[in-house]
Amino acid sequence: MREKRKLLALIFVVGVLISGIGAGIGLMEFFSLDYVGERIVGETEMATMEGEEELAYLSEGEDIRFYLGYGTRYLNLNWDDSIPENTVRYRIQYNKKKVKPKFWQHDAAVGFDYPDSDEDRDEMKEVMELRDMILKDLKKSEIGSYQSSPWIGSLDLYLNPKNQDDIEIMEIW
């Protein structure tokens, strides 16, 4: 019985030692990785859409609400005296492989829809490209920040400063 306990203790100690060696090698490999920055996965074909729309008010003193999908991180709001009052000029930089932006207005609500583009997108293809990119980088002892190709690059809105008190920006994401 005693010999079995000694054998089990020896097996346990050897297992802990081997696990420790494996963990040490894993940590050493992890800390030897070089960060190579942002990596973009997927097709990117940026395009620009520009337009001008008159803003319709329901009644005097009512605010116009801009509903912005994808948050306000892409928004550049510009106040320009050369823009006519109650008018918005816009310029959207977008990835035409993913979306086709459309301006919409309903009463005092204004915004942009970003429906999928007509292009056939294969999300599984992007996942496999991501896997291949990560494995290739790891073989070179590198790692990065991996992101899907962007949908929206920027959204520039140009409005007259006289409308500044009438405009409310709403985030819907």
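Tutor: A residue is buried if its relative accessible area is under 20%, exposed if it is over 50%, and partly exposed in between, with a 1.4 Å probe and protein chains only. By this rule, 25% of the 173 residues of the chain count as buried. The model is predicted, so local features need pLDDT of at least 70 and side-chain atom pairs count only at pLDDT 80 or more, while totals for chains, interfaces and linings use all residues. Residues are numbered from 1 along each chain as its sequence is written, and side-chain values use heavy atoms, with hydrogens and water left out.

Student: What makes up the secondary structure of the chain?

Tutor: The chain has two helices and ten strands, which follow the pattern α-β-β-β-β-β-β-β-α-β-β-β. Helices (H or I, at least four residues) and strands (E, at least two) are DSSP runs, numbered from the N terminus.

Student: How does the radius of gyration of the chain stand against that of a compact globule?

Tutor: The rule for a globule is 2.2 Å times the number of residues to the power 0.38, with the radius taken over C-alpha atoms. A compact globule of 173 residues would come near 16 Å, but the chain has 28 Å. The C-alpha atoms fill a box of roughly 95 × 30 × 25 Å along the principal axes.

Student: Why is the aromatic pair of F30 and F31 called edge-to-face?

Tutor: The search of the whole structure finds five aromatic pairs. Rings of Phe, Tyr and Trp (its six-membered ring) pair if their centres lie within 6.5 Å; planes under 30 degrees apart count as stacked, over 60 as edge-to-face and the rest as tilted. F30 and F31 have 5.3 Å from centre to centre and 75° between the planes, so the pair is edge-to-face.

Student: Are F30 and F31 buried or exposed?

Tutor: The relative accessibility of F30 is 52%, so F30 counts as exposed. F31 has 64% and therefore also counts as exposed.

Student: Which kind of pair do Y67 and W104 form?

Tutor: Their centres are 6.3 Å apart with 20° between the planes, so the pair is stacked. It links distant parts of the chain, with Y67 in strand β3 (residues 64-68) and W104 in strand β6 (residues 102-106), 37 residues apart. Y67 is partly exposed because its relative accessibility is 22%, and W104 is partly exposed because its value is 25%.

Student: What makes a set of residues a nonpolar core, and which members touch the most others?

Tutor: A nonpolar core is a set of buried Ala, Val, Leu, Ile, Met, Phe, Trp, Tyr and Cys residues joined through side-chain atoms within 4.5 Å. The largest has 23 residues, of which L55, F66, F112, L155 and L157 touch the most other members. β2, β3, β5, β7 and β9 each supply at least two residues of this core.
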